[in-house]
Each structure stands twice: as structure tokens, then as C-alpha cells.
2 protein chains.
Amino acid sequence: MAATKLKNPHLDQMTTDYLYHLNIAIGDTKNSKSLQKQFGDVKFICMGGTGQRMLMLAKYLRDNLQFQDGGSGNGDFINLTESGHRYAVYKIGPVLCCSHGVGISSMSILLHELLKLVKYAKCKDPIFVRVGSSGGIGVNAGTVIITKDAYNGHLRNQYELAILGRTVSRPAKFDETICKEILSCANKDDNFETIIGNTLSAECFYEGQARLDGASCEYRNEDKLKFLEECRVKDIKNFEMEAVMFSALMHHLDVKAAEVCITFLDRLEGDQIKVTKQQKEEFEKRAFIIVGRYIQYKLKQ
Amino acid sequence: MAATKLKNPHLDQMTTDYLYHLNIAIGDTKNSKSLQKQFGDVKFICMGGTGQRMLMLAKYLRDNLQFQDGGSGNGDFINLTESGHRYAVYKIGPVLCCSHGVGISSMSILLHELLKLVKYAKCKDPIFVRVGSSGGIGVNAGTVIITKDAYNGHLRNQYELAILGRTVSRPAKFDETICKEILSCANKDDNFETIIGNTLSAECFYEGQARLDGASCEYRNEDKLKFLEECRVKDIKNFEMEAVMFSALMHHLDVKAAEVCITFLDRLEGDQIKVTKQQKEEFEKRAFIIVGRYIQYKLKQ
């Protein structure tokens with residue numbers, strides 16, 4: 001069990017810090033007692049697109065894992081970063097449930113700031129889990145997919161980021177042991193499938209995911225189907241917009257991480273998401289069930 | 001004056017549509033009377049990162065341009081897309097004020113769906129304006145910057161998007177006539193500077209913008225300063241995370257667009273944003289003033 005080490009020697013020179021998008025000021029980076037008191041027990045950082053879904057997850061964990069309430073003292077949850085106006089962070093027992101918005105850039109900011117938060121709060125070996133939504137490829141809507149390798153839109157299994165004007169490529173893969181541990185949390189009598197597969201993170205929901213229904217589209221249905229087939233050959237089971245950066249940053253920093261997504265549709269059957277509100281919530285809950293069991297399993301170790 | 005034409009022949013085959021992230025269903029794409037009634041008068045679509053800032057902008061326009069209230073009938077504003085849980089959209093007179101979240105991917109989804117909205121609502125010649133925040137390069141904090149050319153993180157003046165696994169490059173520039181019209185809305189006796197310049201859109205707020213204070217940083221201060229100097233040579237006046245996609249998509253679709261950003265700091269002086277809440281609001285209002293005058297000017301034409 002070790003405190004989180006980051007790969008930035010400049011941080012050692014900073015006596016104060018300001019997590020701008022979370023609106024959290026760190027008065028003493030070396031010994032922030034209030035941060036350690038508030039966040040020091042955190043072992044799991046769950047993340048998903050919307051604040052509404054993350055609040056649902058926090059409530060699910062409270063009700064099913066018998067954690068203490070979310071910080072208000074009256075059973076209600078408080079968004080701890082509301083004053084930042086960008087992300088929502090709820091705390092339930094040793095779990096943070098955080099919204100990351102849409103896409104690589106939005107989630108990247110949250111990750112950089114949460115990573116510094118767990119470092120300053122001296123959290124021990126935290127595990128970051130994205131609990132996301134996605135579009136499936138050749139799998140039934142409602143399938144839970146645990147990501148192994150993440151691909152970018154160029155069908156390359158790496159994250160390519162421009163740093164100081166030059167491309168830096170980083171391996172984009174999740175820890176296989178954690179993948180398998182999460183898979184082992186699926187039960188035979190679940191009324192849904194849970195599988196391990198690869199994930200493609202597109203920069204664009206429409207043209208980037210080969211949809212035909214965006215404001216711009218310059219390819220034919222046959223071209224789209226050919227691309228989806230190329231994805232299938234690489235065992236890509238779903239499209240979303242974050243995994244390639246998420247896996248690469250965490251792998252680069254040697255921080256434990258996993259991704260568990262629900263699929264809302266099978267892209268081989270169409271582009272538009274047609275699940276009802278009720279179906280959507282039931283599907284989302286499937287990912288909560290798997291991640292909830294995984295948290296219980298790890299806490300018992 | 002013409003209705004918005006998009007570049008997607010597949011849309012002509014769709015009798016219904018669903019703007020998923022806005023949670024707006026279109027029952028009849030050819031003649032959506034309710035959409036035309038609600039949004040048909042829209043002439044300006046203003047966009048910014050947070051819902052809170054966009055609500056402030058809507059209130060500013062109501063109070064300063066004498067527009068009618070925001071749809072509730074009692075002077076309050078309603079977030080018209082609240083049920084989508086991702087973006088906020090306020091309407092004030094002929095203006096929509098919409099939050100786009102952080103980064104290219106998040107804003108791209110909003111744009112695709114708003115572009116289809118103005119098409120189905122038969123809006124005439126709408127103008128899209130991003131009213132953003134940014135970090136300046138060699139300009140005083142609080143300067144208003146109107147973007148001319150947008151650069152990606154590789155210092156290339158184009159947007160590079162992976163479509164069907166291949167890179168598609170699109171020119172990333174805003175209409176110069178609109179830039180100059182907006183600049184002409186600055187007054188000599190404003191207590192702030194308004195300038196035209198180029199903008200770099202980074203994928204990452206930390207490593208992508210040469211900051212030294214992220215969770216990961218593998219370059220030295222000298223490397224950072226050299227990169228900022230490379231940017232200055234290209235007349236890049238500010239860093240943000242959206243302009244390169246925004247300008248390219250609108251240019252590709254031949255839809256009018258502009259970007260007006262406030263700067264919160266000068267990156268030559270540091271990485272952390274240190275403005276007080278009060279200063280921040282005063283700076284944000286500067287962009288509102290310029291965009292408000294531009295809207296008044298266009299409505300009088």
C-alpha cells in the first residue's frame with residue numbers, strides 16, 4: 001500500500017496548488033490536513049459522463065454496500081465541487097463518484113486534478129474506474145463491457161497527444177488482472193452479459209463513430225459497415241470517447257484503473273439511441289451492479 | 001437569407017430524428033411546426049463552457065438588449081435541455097445561450113445537434129459565436145481576443161479528425177469579415193483591450209498547453225518557454241480547447257461563426273489561474289459586452 005506518486009518533478013517545488021476546475025485550493029501541498037481528513041480514506045474513484053448518473057451510482061452504493069451518507073449529515077448527497085461549475089464529485093464511504101463530461105479533454109482535466117487530489121490527501125493505492133456508456137459493435141444493447149485495450153480513431157492501440165507541438169504516443173491498455181477480477185464479479189444468473197473486449201475512443205460522436213446522422217457526413221452506408229467490420233477484426237466491442245486517454249494516462253503514471261461500460265445500442269443495427277428512459281436506467285444499473293460487487297470484493301481483501 | 005443547409009445527404013432520408021444529448025425528438029424532420037414555433041426566430045447561437053456562464057450571458061442580454069424573458073413567463077430562465085443531463089440551453093429573444101462543456105468532443109456533439117436543430121426549425125442564416133475563456137500568450141489578463149486562425153496542438157492551422165480510421169484535414173479559420181465586424185464593436189473608452197489574433201486549441205489543459213503543474217510533466221521550464229515562443233511567432237494569442245474543431249466544422253458547412261474569448265492569465269507569467277471570483281466575473285463580462293454590441297449591430301442591419 002503506497003501513496004500515489006505522480007510523474008512531475010515540478011510538483012515537488014510547489015508549496016501551494018489550486019485545482020482550478022474543481023475549485024479546490026491546497027494551502028500546503030506537503031501536509032494538507034483538511035484534505036487528508038476529507039479524502040484520505042478514498043480507495044475507489046468512479047467516474048462517468050453526467051453528474052446525474054454519478055449521483056445515481058453514489059445512491060446505489062449507499063443502498064447496496066451499506067456505506068455512510070454523502071457528507072451532508074442528513075442522508076443527502078453534496079456535490080463537493082459545485083462551486084467549480086464544471087464537474088460533480090460525490091463521496092460515499094471510501095468511494096468518490098465523479099462526472100467527467102464528454103470526451104478526452106474534459107475527462108483529462110478531471111483526471112489530472114483528481115490525481116493531484118489523491119496525492120495531496122495521501123490516499124493509499126486508489127483504483128480509478130470509469131463507469132461509462134457506449135455504443136456496442138455486434139453485441140446486444142445492455143451488455144456490460146470491460147475494456148482491455150483502447151484504440152484511437154485511427155484504429156491504433158495507443159494514445160497520441162500533442163505535447164510542445166510534437167506527438168507523444170503512450171500505450172493504451174488496462175491492467176489485465178483488474179479486468180479479470182471485474183469479470184469474475186459477473187454471476188451466471190445475471191440477466192445480462194458481461195464481457196471483456198477492446199474499446200475505440202472517437203473524438204467525434206458523429207463522423208468519428210461512423211454515424212450517418214450528424215450535421216456532416218461524406219461517406220456511404222457501405223463505407224460505414226466496412227469500418228465497423230475493421231473494428232470487429234480488432235475485437236473492438238464498443239465505441240466511446242475517453243478510454244484511450246484514460247488507460248494511457250493511468251498506465252503512464254502506474255495508477256490502477258479500469259473501465260466498465262454499458263452499451264445502449266448495437267451499431268450494426270443503426271445509429272440512433274432508441275432505448276426508453278426506463279430501459280436506459282435499467283442498463284446503467286447493470287454497470288453499477290458489476291462495479292459495486294468489485295468494490296465489495298476489493299474491500300474484503 | 002437562407003435556411004441552414006447541412007452536408008449530409010442521409011438526413012434527407014430520415015423522416016424523424018432524435019437529438020440524443022439535447023433530448024429533443026423531431027417527429028417530422030420536413031415540417032416540425034413546434035420546433036419552428038419555439039426556435040424559428042433564432043439568429044444567434046452563443047456558446048460557452050459552463051451552464052452558469054451561459055445563464056449569466058442570457059441575463060446580461062435580457063438586461064442590456066431589452067429582449068423578452070427566457071421562456072418561463074415569469075422572468076426566470078429555463079434550461080430547455082435539462083432532461084438531456086449534459087448541456088444547458090437558454091433562449092432570450094433571438095439568441096440561444098448554450099453550454100458546450102470542455103473540449104473538442106463535447107462541443108462537437110453540441111454543434112452537430114444544434115446545427116440539425118436550426119435546420120429543422122428553419123432558422124434563417126444563424127450566426128454561431130463561442131464566448132469562451134482562455135489563457136493568453138503575451139497579452140494582459142482580461143484581454144478580449146477574437147480568433148482569426150485556429151491551430152491544433154501540432155501547431156498546424158487545420159483540424160485533423162479521424163473519420164472511418166483515416167485522417168481528414170479541414171481548414172480551421174473564421175470568417176474575416178465577421179472578425180472585423182466584431183472588432184469594430186470595441187470602443188476607444190472601454191477599460192479593456194479587444195484584439196484579433198490566432199488561437200491554439202489543445203487536447204489537454206495540462207501537458208497539451210505546456211503547463212508544469214499537471215499530474216504528468218516530462219519537460220523543463222525552458223522547453224515550455226521555447227514552445228510559447230513558437231506560438232508567438234505564429235501570432236497565437238491564446239490557448240483554449242475548442243476553436244480548431246469549431247472553426248473547421250462551421251467553415252466546412254458554410255455556416256457563419258466567430259469566437260470571442262476572454263483571457264484569465266498571461267501564460268508567459270505562469271500556469272495557475274489566480275484571478276479572484278470578482279475579477280473573473282468582471283473579465284467574463286467584457287466578452288459579453290463585445291458580443292452584446294455585435295448582436296445589436298447585426299439586428300439593426
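**Conventions.** I number residues from 1 along each chain as its sequence is written, and chains are lettered from A, with ligands numbered from 1, in the order in which they are written. Since the model is predicted, local features need pLDDT of at least 70 and side-chain atom pairs count only at pLDDT 80 or more, while totals for chains, interfaces and linings use all residues; side-chain values use heavy atoms, with hydrogens and water left out.

**Entry 1: chain A as a whole.** I looked up the secondary structure of chain A and found seven helices and 12 strands, where helices (H or I, at least four residues) and strands (E, at least two) are DSSP runs numbered from the N terminus. I then checked the radius of gyration, which is taken over C-alpha atoms, against the globule rule of 2.2 Å times the number of residues to the power 0.38. For 301 residues a compact globule would have a value near 19 Å, and chain A agrees with this at 19 Å. Along the principal axes, the C-alpha atoms of chain A fill a box of roughly 60 × 50 × 35 Å.

I noted that 61% of the 301 residues in chain A are buried, with buried meaning under 20% relative accessible area, exposed over 50%, and partly exposed in between (1.4 Å probe, protein chains only). The accessible surface of chain A comes to about 11,700 Å², and carbon and sulfur atoms hold 47% of that area; areas come from the Shrake-Rupley method with a 1.4 Å probe, and for residues only the protein chains shown count as cover. Of the contacts (heavy atoms within 4.5 Å) in chain A between residues at least 6 apart in sequence, 74% join residues at least 24 apart.

**Entry 2: helix α6 of chain A.** I asked myself how many residues of helix α6 (residues 243–253) of chain A are buried. I found that 10 of the 11 residues are, so the helix is largely enclosed by the rest of the structure. Among the buried residues of α6(A) are A:Val244, A:Met245, A:Phe246, A:Leu249 and A:His252. The residue that follows α6(A) is A:Asp254, which has a positive phi near 60 degrees.

Entry 3: I located A:Val102 in the loop between β5 (95–99) and α3 (103–120) of chain A, where A:Val102 is buried at a relative accessible area of 7%. Although A:Gly49 is 53 residues away along the chain, its C-alpha atom and that of A:Val102 are separated by 5.9 Å. Setting aside residues up to four places away in sequence, I listed what A:Val102 touches, including A:Met241 and A:Glu242 in chain A and B:Arg86, B:Tyr87 and B:Val102 in chain B.

I found A:Ser133 in strand β6 (residues 127–136) of chain A, and A:Ser133 counts as buried at 17% relative accessibility. Beyond four places in sequence, A:Ser133 touches A:Arg53, A:Glu240, A:Cys261, A:Ile262, A:Phe264 and B:Arg86. I also noted a separation of 37 Å, C-alpha to C-alpha, between A:Ser133 and A:Asp12, which are 121 residues apart in sequence.

Entry 4: I looked at B:Asn198 in strand β10 (residues 194–201) of chain B, a buried residue with a relative accessible area of 6%. For polar contacts I used pairs of N or O atoms within 3.5 Å; within protein, one must be able to donate a hydrogen and the other to accept it, and residues adjacent in sequence count only if both atoms are side-chain atoms. The side chain of B:Asn198 reaches the backbone nitrogen of B:Asp149 at 3.0 Å and the backbone oxygen of B:Lys234 at 3.0 Å.

In strand β12 (residues 256–266) of chain B I looked up B:Thr263, which is buried at 0% relative accessibility. The side chain of B:Thr263 reaches the backbone oxygen of B:Asn140 at 3.2 Å.

Entry 5: I found A:Leu164, not a glycine, with a positive phi near 50 degrees, in the loop between β8 (158–163) and β9 (166–171) of chain A; A:Leu164 is buried at 11%. B:Ala210, also not a glycine, has a positive phi of about 60 degrees, lies in the loop between β10 and α5 (221–233) of chain B, and counts as buried at 0% relative accessibility.
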